[in-house]
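Dear colleague,

Please find the structure below, handed over for your study. My notes on it follow directly after.

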Amino acid sequence: MIIDKIYAIYFSPTGTTEKAAIAVTDSTGIPYEKIDLTTRHARHDFKHTFKKSELAIVGLPVYGGRLPGKLDNFFTGLHGNSSPAIALVVYGNRAYEDALIELKVRLEERGFTVIAGAAFIGEHTFSKKIAGGRPDAADIIIAKNLGKKAVKNMDKLMQGTLHVKGDYPYLKEGFNSRKPFGPLATFTNIVTTEDCTRCGLCAEECPWEAIDSEDYATIDYTKCMRCFRCIRVCPAEAKKNISEKFDEALPVFEKMVSARKEPELFLAE
Ligand SMILES: Cc1cc2nc3c(=O)[nH]c(=O)nc-3n(C[C@H](O)[C@H](O)[C@H](O)COP(=O)(O)O)c2cc1C
(Lines give C-alpha, C1' and ligand atoms only; values in the text may rest on other atoms or scores of the structure.)
Protein backbone atom coordinates (compact mmCIF):
# COMPACT_ATOMS: atom_id res chain seq x y z
CA MET A 1 0.00 0.00 0.00
CA ILE A 2 1.46 3.32 -1.09
CA ILE A 3 0.83 6.42 1.00
CA ASP A 4 0.95 9.50 -1.21
CA LYS A 5 -0.12 12.18 1.27
CA ILE A 6 0.02 12.71 5.01
CA TYR A 7 -2.08 15.07 7.11
CA ALA A 8 -1.00 16.25 10.56
CA ILE A 9 -4.26 17.22 12.24
CA TYR A 10 -4.08 18.63 15.70
CA PHE A 11 -5.58 20.68 18.49
CA SER A 12 -2.80 22.41 20.42
CA PRO A 13 -3.46 25.49 22.56
CA THR A 14 0.16 25.85 23.73
CA GLY A 15 1.99 24.19 20.83
CA THR A 16 3.45 20.97 22.28
CA THR A 17 1.00 18.64 20.52
CA GLU A 18 1.64 20.47 17.27
CA LYS A 19 5.40 19.95 17.67
CA ALA A 20 5.04 16.19 18.28
CA ALA A 21 2.51 15.68 15.46
CA ILE A 22 4.69 17.50 12.94
CA ALA A 23 7.77 15.50 13.98
CA VAL A 24 5.95 12.23 13.29
CA THR A 25 4.82 13.60 9.94
CA ASP A 26 7.80 15.38 8.42
CA SER A 27 10.31 12.54 8.71
CA THR A 28 8.52 10.39 6.19
CA GLY A 29 9.61 12.16 3.00
CA ILE A 30 5.98 12.07 1.82
CA PRO A 31 4.21 15.38 1.01
CA TYR A 32 2.21 16.55 3.98
CA GLU A 33 -0.24 19.20 5.07
CA LYS A 34 -0.68 20.69 8.54
CA ILE A 35 -4.25 21.13 9.73
CA ASP A 36 -4.42 23.16 12.91
CA LEU A 37 -7.88 22.74 14.44
CA THR A 38 -7.21 24.72 17.61
CA THR A 39 -9.66 27.54 16.97
CA ARG A 40 -13.40 27.12 16.71
CA HIS A 41 -13.58 28.65 13.24
CA ALA A 42 -10.86 26.26 11.95
CA ARG A 43 -12.86 23.30 13.32
CA HIS A 44 -16.05 24.68 11.84
CA ASP A 45 -14.51 25.07 8.36
CA PHE A 46 -12.69 21.73 8.27
CA LYS A 47 -14.00 18.72 6.43
CA HIS A 48 -11.94 16.10 4.65
CA THR A 49 -12.73 12.69 3.26
CA PHE A 50 -9.56 10.64 3.40
CA LYS A 51 -8.51 8.31 0.62
CA LYS A 52 -7.00 4.92 1.47
CA SER A 53 -3.65 6.29 0.30
CA GLU A 54 -3.75 9.17 2.80
CA LEU A 55 -2.37 8.83 6.32
CA ALA A 56 -3.87 10.95 9.12
CA ILE A 57 -1.71 11.75 12.13
CA VAL A 58 -4.14 13.08 14.72
CA GLY A 59 -2.85 14.80 17.85
CA LEU A 60 -4.61 16.06 20.98
CA PRO A 61 -3.44 17.02 24.48
CA VAL A 62 -4.57 15.21 27.63
CA TYR A 63 -6.92 17.06 30.00
CA GLY A 64 -7.78 15.17 33.19
CA GLY A 65 -6.73 11.83 31.73
CA ARG A 66 -9.03 12.17 28.71
CA LEU A 67 -9.24 14.24 25.53
CA PRO A 68 -10.30 17.87 25.98
CA GLY A 69 -14.10 18.05 25.97
CA LYS A 70 -16.44 20.22 23.94
CA LEU A 71 -14.29 20.13 20.83
CA ASP A 72 -17.22 20.57 18.49
CA ASN A 73 -16.42 19.63 14.90
CA PHE A 74 -12.95 18.27 15.62
CA PHE A 75 -13.98 14.73 14.78
CA THR A 76 -17.04 15.41 12.64
CA GLY A 77 -14.86 16.92 9.90
CA LEU A 78 -12.77 13.75 9.66
CA HIS A 79 -14.11 11.11 7.30
CA GLY A 80 -12.00 7.98 7.08
CA ASN A 81 -12.45 5.39 4.38
CA SER A 82 -10.62 2.57 6.13
CA SER A 83 -7.77 5.07 5.80
CA PRO A 84 -4.77 4.65 8.09
CA ALA A 85 -4.39 6.89 11.12
CA ILE A 86 -1.91 7.36 13.95
CA ALA A 87 -3.42 8.44 17.29
CA LEU A 88 -1.13 10.78 19.24
CA VAL A 89 -1.70 12.28 22.67
CA VAL A 90 0.57 14.68 24.52
CA TYR A 91 0.46 14.97 28.30
CA GLY A 92 2.18 17.07 30.94
CA ASN A 93 4.28 14.34 32.63
CA ARG A 94 1.53 13.33 35.09
CA ALA A 95 -0.49 10.62 33.27
CA TYR A 96 -2.51 10.10 30.07
CA GLU A 97 -4.88 7.48 31.51
CA ASP A 98 -7.83 6.97 29.08
CA ALA A 99 -6.93 9.69 26.57
CA LEU A 100 -5.12 7.52 24.03
CA ILE A 101 -7.74 4.80 23.99
CA GLU A 102 -10.40 7.50 23.65
CA LEU A 103 -8.62 8.93 20.61
CA LYS A 104 -8.32 5.46 19.06
CA VAL A 105 -12.04 4.82 19.61
CA ARG A 106 -13.06 8.23 18.22
CA LEU A 107 -10.95 7.72 15.08
CA GLU A 108 -12.33 4.23 14.51
CA GLU A 109 -15.84 5.66 14.83
CA ARG A 110 -14.92 8.09 12.04
CA GLY A 111 -13.92 5.24 9.73
CA PHE A 112 -10.15 5.09 10.23
CA THR A 113 -7.94 2.07 10.70
CA VAL A 114 -5.73 3.13 13.59
CA ILE A 115 -2.34 1.56 12.93
CA ALA A 116 -0.37 3.09 15.80
CA GLY A 117 -0.80 5.03 19.01
CA ALA A 118 1.65 7.24 20.87
CA ALA A 119 1.74 9.16 24.14
CA PHE A 120 4.34 11.93 24.19
CA ILE A 121 5.23 14.30 27.00
CA GLY A 122 4.85 18.05 26.57
CA GLU A 123 5.68 20.99 28.81
CA HIS A 124 2.80 21.30 31.25
CA THR A 125 0.37 24.11 30.51
CA PHE A 126 0.61 25.27 34.13
CA SER A 127 4.40 25.26 34.66
CA LYS A 128 7.63 25.47 32.69
CA LYS A 129 9.18 23.43 35.49
CA ILE A 130 7.12 20.37 34.54
CA ALA A 131 8.60 18.77 31.42
CA GLY A 132 9.96 22.20 30.40
CA GLY A 133 10.91 22.34 26.72
CA ARG A 134 9.36 18.97 25.89
CA PRO A 135 8.94 17.44 23.43
CA ASP A 136 12.74 17.79 23.38
CA ALA A 137 15.39 16.57 20.94
CA ALA A 138 15.21 12.97 22.25
CA ASP A 139 11.39 12.96 21.96
CA ILE A 140 11.59 14.34 18.42
CA ILE A 141 13.90 11.50 17.32
CA ILE A 142 11.38 8.98 18.71
CA ALA A 143 8.52 10.79 16.94
CA LYS A 144 10.38 10.88 13.63
CA ASN A 145 11.22 7.18 13.86
CA LEU A 146 7.57 6.39 14.51
CA GLY A 147 6.54 8.17 11.29
CA LYS A 148 9.21 6.42 9.24
CA LYS A 149 8.39 3.00 10.70
CA ALA A 150 4.65 3.44 10.13
CA VAL A 151 5.11 4.29 6.46
CA LYS A 152 7.65 1.50 5.91
CA ASN A 153 5.47 -1.19 7.52
CA MET A 154 2.10 0.11 6.36
CA ASP A 155 0.84 -3.16 4.82
CA LYS A 156 1.61 -5.18 7.92
CA LEU A 157 0.18 -2.55 10.29
CA MET A 158 -3.04 -2.29 8.28
CA GLN A 159 -3.63 -6.00 8.75
CA GLY A 160 -2.84 -6.02 12.47
CA THR A 161 -4.85 -5.13 15.57
CA LEU A 162 -3.87 -2.20 17.74
CA HIS A 163 -3.95 -2.34 21.54
CA VAL A 164 -3.16 0.80 23.52
CA LYS A 165 -3.11 1.54 27.25
CA GLY A 166 -6.27 2.80 28.92
CA ASP A 167 -9.72 1.64 30.00
CA TYR A 168 -12.75 1.31 27.77
CA PRO A 169 -15.42 1.90 29.04
CA TYR A 170 -13.49 4.88 30.33
CA LEU A 171 -12.70 5.17 34.02
CA LYS A 172 -11.43 8.75 33.95
CA GLU A 173 -13.96 11.55 33.65
CA GLY A 174 -11.66 14.13 32.10
CA PHE A 175 -11.66 17.85 32.70
CA ASN A 176 -15.03 19.52 33.08
CA SER A 177 -15.04 23.33 33.05
CA ARG A 178 -18.32 23.34 34.96
CA LYS A 179 -16.86 21.12 37.64
CA PRO A 180 -13.07 21.61 37.67
CA PHE A 181 -11.56 18.55 39.30
CA GLY A 182 -8.07 19.42 40.42
CA PRO A 183 -6.94 22.18 42.72
CA LEU A 184 -4.60 23.70 40.18
CA ALA A 185 -7.14 24.14 37.40
CA THR A 186 -9.71 25.30 39.95
CA PHE A 187 -7.36 27.95 41.26
CA THR A 188 -6.51 29.53 37.91
CA ASN A 189 -7.62 33.13 37.58
CA ILE A 190 -6.93 34.77 34.24
CA VAL A 191 -6.79 38.52 34.40
CA THR A 192 -6.36 41.16 31.70
CA THR A 193 -3.91 43.89 32.67
CA GLU A 194 -3.85 47.50 31.52
CA ASP A 195 -1.33 46.49 28.82
CA CYS A 196 -4.25 45.13 26.78
CA THR A 197 -4.39 46.91 23.39
CA ARG A 198 -7.86 45.55 22.61
CA CYS A 199 -6.60 43.74 19.50
CA GLY A 200 -9.10 40.93 20.15
CA LEU A 201 -6.70 38.08 19.34
CA CYS A 202 -7.43 36.31 22.65
CA ALA A 203 -11.15 36.13 21.90
CA GLU A 204 -10.52 35.08 18.30
CA GLU A 205 -8.06 32.34 19.28
CA CYS A 206 -9.93 30.96 22.31
CA PRO A 207 -10.80 27.36 21.38
CA TRP A 208 -14.05 27.53 23.36
CA GLU A 209 -15.27 31.08 22.67
CA ALA A 210 -15.04 31.70 26.41
CA ILE A 211 -13.77 35.28 26.05
CA ASP A 212 -16.35 37.99 25.48
CA SER A 213 -15.95 39.35 21.94
CA GLU A 214 -16.49 42.94 23.10
CA ASP A 215 -15.09 42.99 26.60
CA TYR A 216 -11.93 40.90 26.39
CA ALA A 217 -11.46 40.93 30.17
CA THR A 218 -14.65 38.91 30.70
CA ILE A 219 -14.14 35.17 30.67
CA ASP A 220 -16.96 32.65 30.97
CA TYR A 221 -15.43 30.06 33.30
CA THR A 222 -18.14 27.54 32.50
CA LYS A 223 -16.71 27.45 28.97
CA CYS A 224 -13.01 28.15 29.69
CA MET A 225 -10.96 24.94 29.79
CA ARG A 226 -7.89 26.63 31.36
CA CYS A 227 -5.82 25.84 28.26
CA PHE A 228 -3.88 29.14 28.61
CA ARG A 229 -4.04 29.82 24.87
CA CYS A 230 -5.08 33.42 25.55
CA ILE A 231 -1.98 33.91 27.72
CA ARG A 232 0.17 32.32 25.01
CA VAL A 233 -1.11 34.35 22.04
CA CYS A 234 -1.47 37.82 23.60
CA PRO A 235 1.08 40.03 21.79
CA ALA A 236 1.07 42.58 24.67
CA GLU A 237 1.45 39.90 27.38
CA ALA A 238 -1.63 41.39 28.99
CA LYS A 239 -3.28 38.09 29.92
CA LYS A 240 -1.92 36.51 33.08
CA ASN A 241 -2.88 33.82 35.54
CA ILE A 242 -2.79 35.67 38.85
CA SER A 243 -3.85 33.57 41.83
CA GLU A 244 -2.29 33.16 45.25
CA LYS A 245 -3.97 29.78 45.75
CA PHE A 246 -2.58 28.55 42.42
CA ASP A 247 0.92 29.78 43.31
CA GLU A 248 0.70 27.94 46.64
CA ALA A 249 -0.49 24.65 45.13
CA LEU A 250 1.86 24.64 42.13
CA PRO A 251 5.15 23.67 43.88
CA VAL A 252 3.46 20.62 45.48
CA PHE A 253 2.21 19.48 42.07
CA GLU A 254 5.57 20.20 40.42
CA LYS A 255 7.29 17.98 42.96
CA MET A 256 4.72 15.23 42.55
CA VAL A 257 5.26 14.92 38.79
CA SER A 258 8.95 15.77 38.56
CA ALA A 259 10.32 12.34 37.55
CA ARG A 260 10.92 12.26 33.82
CA LYS A 261 8.58 10.05 31.82
CA GLU A 262 9.33 8.71 28.35
CA PRO A 263 7.15 8.47 25.23
CA GLU A 264 5.16 5.25 24.80
CA LEU A 265 4.46 3.77 21.38
CA PHE A 266 1.96 1.11 20.33
CA LEU A 267 1.91 -0.53 16.90
CA ALA A 268 -0.75 -2.79 15.43
CA GLU A 269 0.29 -6.44 15.26
C1 LIG B 1 -7.19 21.58 31.97
C2 LIG B 1 -5.92 20.81 31.82
C3 LIG B 1 -5.86 19.50 32.25
C4 LIG B 1 -4.68 18.75 32.09
N5 LIG B 1 -4.65 17.45 32.51
C6 LIG B 1 -3.52 16.74 32.38
C7 LIG B 1 -3.48 15.37 32.79
O8 LIG B 1 -4.49 14.77 33.17
N9 LIG B 1 -2.29 14.71 32.76
C10 LIG B 1 -1.13 15.33 32.33
O11 LIG B 1 -0.08 14.71 32.40
N12 LIG B 1 -1.16 16.61 31.85
C13 LIG B 1 -2.32 17.32 31.86
N14 LIG B 1 -2.36 18.60 31.37
C15 LIG B 1 -1.18 19.15 30.71
C16 LIG B 1 -1.26 19.06 29.17
O17 LIG B 1 -1.72 17.79 28.76
C18 LIG B 1 0.12 19.28 28.53
O19 LIG B 1 0.72 20.43 29.02
C20 LIG B 1 0.10 19.31 27.02
O21 LIG B 1 1.45 19.27 26.60
C22 LIG B 1 -0.57 20.55 26.47
O23 LIG B 1 -0.68 20.45 25.06
P24 LIG B 1 -0.62 21.72 24.06
O25 LIG B 1 0.74 22.36 24.24
O26 LIG B 1 -0.74 21.11 22.71
O27 LIG B 1 -1.71 22.64 24.42
C28 LIG B 1 -3.52 19.36 31.49
C29 LIG B 1 -3.60 20.69 31.05
C30 LIG B 1 -4.79 21.40 31.19
C31 LIG B 1 -4.84 22.81 30.67
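Helix α3 (residues 99-109) lies across β4 (54-61), β6 and β7 (112-121), and runs at about 155 degrees to β6. Helix α4 (residues 137-152) also packs on the sheet, where it touches β6, β7 and β10; its direction makes about 170 degrees with that of β7. Axes here are lines fitted to C-alpha atoms, for helices over the stretch in contact, and angles run from 0 to 180 degrees between N-to-C directions. Two residues are in contact if their C-beta atoms, placed from the backbone, lie within 7 Å. Helices (H or I, at least four residues) and strands (E, at least two) are DSSP runs, numbered from the N terminus.

Please note that this is a predicted model, in which local features need pLDDT of at least 70, side-chain atom pairs count only at pLDDT 80 or more, and totals for chains, interfaces and linings use all residues. Residues are numbered from 1 along each chain as its sequence is written.

The sheet itself is open and has six strands in the order β2-β1-β4-β6-β7-β10, with mixed pairing. Its edge strands, β2 (32-36) and β10 (264-267), each pair on one side only. From one strand to the next, the twist averages 15 degrees. Strands pair if DSSP finds at least two bridges between them; β1 (residues 5-10) and β2 do so in the parallel sense over five bridges.

Is helix α1 mostly covered or mostly open? It is mostly covered, with ten of its eleven residues buried, that is, with 20 or more other C-beta atoms within 10 Å of their own, all placed from the backbone. Among the buried residues of α1 are T17, E18 and K19, and the buried residues pack against β1, β2, β4, β6, β7 and α4.

The chain is assigned domain 1 (5-172 + 258-267) and domain 2 (189-242); such bounds come from an automatic or database domain assignment. Their centres, taken over C-alpha atoms, are separated by 26 Å. Nine residues of domain 1 are in contact with nine residues of domain 2.

Finally, there are 26 residues around the ligand, of which T17, P61, G92, R94 and G122 come nearest; a residue counts as near if its C-beta atom, placed from the backbone, lies within 6 Å. The elements giving two or more residues to this shell are α1 (16-26) and β6 (83-91). Each of the two domains supplies at least three residues to the shell.

Yours sincerely

How values were computed. A residue is buried if 20 or more other C-beta atoms lie within 10 Å of its own, exposed if 12 or fewer, and partly exposed in between; C-beta atoms are placed from the backbone.
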